[in-house]
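Please view the sequence and the model together with the notes below.

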Amino acid sequence: MADGSYLKGFGVTFKKLFEDRVTGDYRGGKGLEKGKPDEKRPKADRLHGRHVLNRYEDGMEKCIGCELCAGVCPAKCIYVRGADNNPEAPTSPGERFGYVYEINYLRCIHCDLCVEACPTQAITESKLFEFSFTNRSDAIYTKNELLVGDDGKPQQLPWEDWRDGEDTMTSGWMRATSPAGDHRYEGVVHWAGELGYGLRDPETGQSAEANDDEGARPAASSVEHG
Amino acid sequence: MTITDETPETVDGAARVRQRGDDAAVLRLSEAQAAAIGTDATTPDDDERVLLNMGPSHPSTHGVLRLMLEMEGETVIRSKPVVGYLHTGMEKQAEQLTFLQGCTNVTRMDYASPFFTELAFSLATEKLLDIEVPERAVWIRMLMSELNRISSHLLFMATNGMDLGAVSMMIYGWREREEVLRFFEKVTGLRMNHNYIRPGGVAADLPDGWKGEIEALLELLPPRLEEYDVLMTGQPIWRERLQGVGTLNTDEALALSATGPILRSTGYAWDLRRDQPYLAYDEVDFDVIVGTYGDCYDRYAIRLNEIRESMRIVEQILDKMPLGDYRVQDKKVTPPPRIRIDQSMEALIHHFKIFTEGFKVPEGEAYACVESPRGELGIYMVSDGSSTPYRMHVRGPSFINVQTMPHLMRESLIADAVAIISSVDPIMGEVDR
Ligand code: SF4
Ligand code: SF4
């Protein structure tokens, strides 16, 4: 060890003293300057967070109580009960609506199969992942918590800490999976408008890639919905 | 495994690892026998051997591995890994879940390399279904696998450093791994346990701007790996802790069914990516890294260089990524595009059927294996023609590699036992599953 090469290792760690930190200033709200929130990384568009129940642009609920989400859930954590709409004052377009809707977050594994299964895009995921409950029944979110508010944004629960723009990104995974692997359906809107946001943009898909390299994109790039 | 002409003779190794009695490496002692030792006054411990329990909650046993060590002074004589503390019955659980839901379950086994279990599950299911996945799906799967190999080996760098006292290495390893996981999050929505590779393809296409992300990653990693070299590879302290520690030869490794870096460290070049190419591994160039001495240092160096090889593969994937569909367009397996649900009654019915009862898989048996960062990860699947597996068995590399531990530890110091556990790199979620 006479050559001192083990000192070089200290050199690596010493250099780090002068490099930028990769972590942000997150202290769980403690010890921060007044008014300065904890620093958080921007969330990925497709992040699977806690769910929201969407509404149409006219305010009607999207859920039709079909229980597909409950059927596909591998953790069996969704409980849905449908009921007939009151024809005078319907809750959702169509015959039925989700009368009871509960997700147990002690069981949910955030696989988002429910999002893929829902035929009406009623259930999608928000970017909120900070849960806090002190008893089991609080872990069960009901329609009260899940349904979006009148502005189309997820309801902010008292313990949830949001950053600007996060509450508007609520359907990334639904949009990413909606072409179901068929490239002709990429970059095309397949979903209904949402309260507060209207029609969300699709991801550009492979068209952007096809333009910048001369990759052989298979024929039939025109979309026929027939 | 196919036996070729070069397959070395395993008879010697087999005889050695099968040895029993006081001189063997494996301690064959039940809990009751262990508890009785020392309580019986008529049998004084005259051989000065001490039984020592390490784990299940010991920071360097990587999760909940427990080792029963028979010590003579500071030397480990015989040892016995005790597993099962994390057993959750995942293989049984698989029988309750449809083939569509199955990936959410298997991805939780080896949580450091979730894409590989998803991949093996999907390949086995696809064999039974007799379908061919579109090319883009194949290449996306390869891309995600190789990135996952990088992240998993980075995690090894971190824990191996930590176990040997290089605590800053732990932080660096996690830091780099996080960069890879951030890309996973953009693609799959989750950092771990993705449920992304599914029977029939992948769940979603790569997100906009994925190429740039990967290029940035490929630029970021090489200088960091060079730092690891300075911090560890070339370090006299590091070398002294690892070189010649926990050795195994090829005979023994083969007799113990060890795969992955453990087998390769003994100088035997066995890599399923090259020897039984799956996906499109025969279309990319890469080297299989082998060691010479079969010691902890070789295993460390193999993993470090495999990160570099994986980066080489990822670079080639970037150039060759084809365009097109990324899920098999078979109405019975893949749900229809969302818009079709509103347009066609038939599509709506398929959608409902796939998401409620799943798709049916023809009767039969299939075994599919992939080269995970820890070795051969195989899934053996039996279907009775329904939409859930009749039986699923996992050949987990961590589980099988754990049995090399007593042989690696034999006659080594207790301090080296930590280095050895670390260099086997077991993921207890997969060992116990
Ligand atoms: S994300 Fe997965 S586990 Fe959670 S409610 Fe949806 S289907 Fe169930
Ligand atoms: S959320 Fe969607 S899938 Fe679930 S019951 Fe409502 S409409 Fe059906």
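**Domains and overall picture**

The domain assignment of chain A, in which bounds come from an automatic or database domain assignment, gives domain 1 (53-112 + 134-146) and domain 2 (174-222). This is a predicted model, in which local features need pLDDT of at least 70 and side-chain atom pairs count only at pLDDT 80 or more, while totals for chains, interfaces and linings use all residues. Residues are numbered from 1 along each chain as its sequence is written, and chains are lettered from A and ligands numbered from 1 in the order in which they are written.

**Contact between the domains of chain A**

- Domain 1 of chain A has five residues in contact with five residues of domain 2 of chain A, where contact requires that the C-beta atoms of two residues, placed from the backbone, lie within 7 Å.
- On the side of domain 1 of chain A that touches domain 2 of chain A, one residue is nonpolar, two are polar and two are charged.
- In these classes, Ala, Val, Leu, Ile, Met, Phe, Trp, Tyr, Cys and Pro count as nonpolar, Asp, Glu, Lys and Arg as charged, and the others, Gly among them, as polar.

**Make-up of chain A**

- Chain A contains six helices and five strands; helices (H or I, at least four residues) and strands (E, at least two) are DSSP runs, numbered from the N terminus.
- Along the sequence, the elements of chain A follow the pattern α-β-α-β-β-α-β-β-α-α-α.
- Of the 226 residues in chain A, 37% are buried; a residue is buried if 20 or more other C-beta atoms lie within 10 Å of its own, exposed if 12 or fewer, and partly exposed in between, with C-beta atoms placed from the backbone.
- Among contacts in chain A between residues at least 6 apart in sequence, 65% join residues at least 24 apart.

**The interface of chains A and B**

- Chain A brings 49 residues into contact with 43 residues of chain B.
- On the side of chain A that touches chain B, two or more residues come from each of α1 (5-16), α2 (68-72), α3 (113-117), α5 (172-177) and α6 (206-212) of chain A.
- The most is given by α1(A), with six residues.
- This side of chain A divides into 24 nonpolar, 16 polar and nine charged residues.

**Surroundings of the ligands**

- Around ligand 1 stand A:Cys73, A:Ala75, A:Cys77, A:Ile78, A:Ile103, A:Cys108, A:Ile109, A:His110, A:Cys111, A:Asp112, A:Leu113 and A:Cys114; a residue is near a molecule or strand if its C-beta atom, placed from the backbone, lies within 6 Å of it.
- The shell around ligand 1 holds 10 nonpolar residues, one polar and one charged.
- Ligand 2 has 14 residues around it, of which A:Cys63, A:Cys66, A:Leu68, A:Cys69 and A:Cys118 come nearest.
- The shell around ligand 2 divides into 10 nonpolar, three polar and one charged.

**Strands and sheets**

- In chain A, an open sheet of three strands has the order β2-β3-β5, with antiparallel pairing; two strands pair if DSSP finds at least two bridges between them.
- The edges are formed by β2 (78-84) and β5 (140-141) of chain A, each with a single partner strand, so one side of each is left without a neighbour in the sheet.
- Seven bridges join β2(A) to strand β3 (residues 96-104) of chain A in the antiparallel sense, and A:Tyr79 stands opposite A:Glu102 in β3(A).
- In chain B, strand β1 (residues 49-54) and strand β2 (residues 66-72) pair in the antiparallel sense over six bridges; B:Met54 has B:Leu67 in β2(B) as its bridge partner.
- The antiparallel pairing of β2(B) with strand β3 (residues 75-82) of chain B runs over seven bridges.
- The hairpin of β2(B) and β3(B) has two residues between the strands, and B:Gly73 takes a positive phi near 65° there.

**Confidence**

- The complex receives an ipTM of 0.85 and a pTM of 0.88 from the predictor.
- Chain A has a mean pLDDT of 81, with 90% of its residues at 70 or more; pLDDT is the predictor's confidence in each residue, from 0 to 100.
- Over residues 213-226 of chain A, pLDDT stays under 50.
- Where pLDDT is low, the predicted coordinates should not be read in detail.
- Chain B averages a pLDDT of 86, and 94% of the residues score at least 70.
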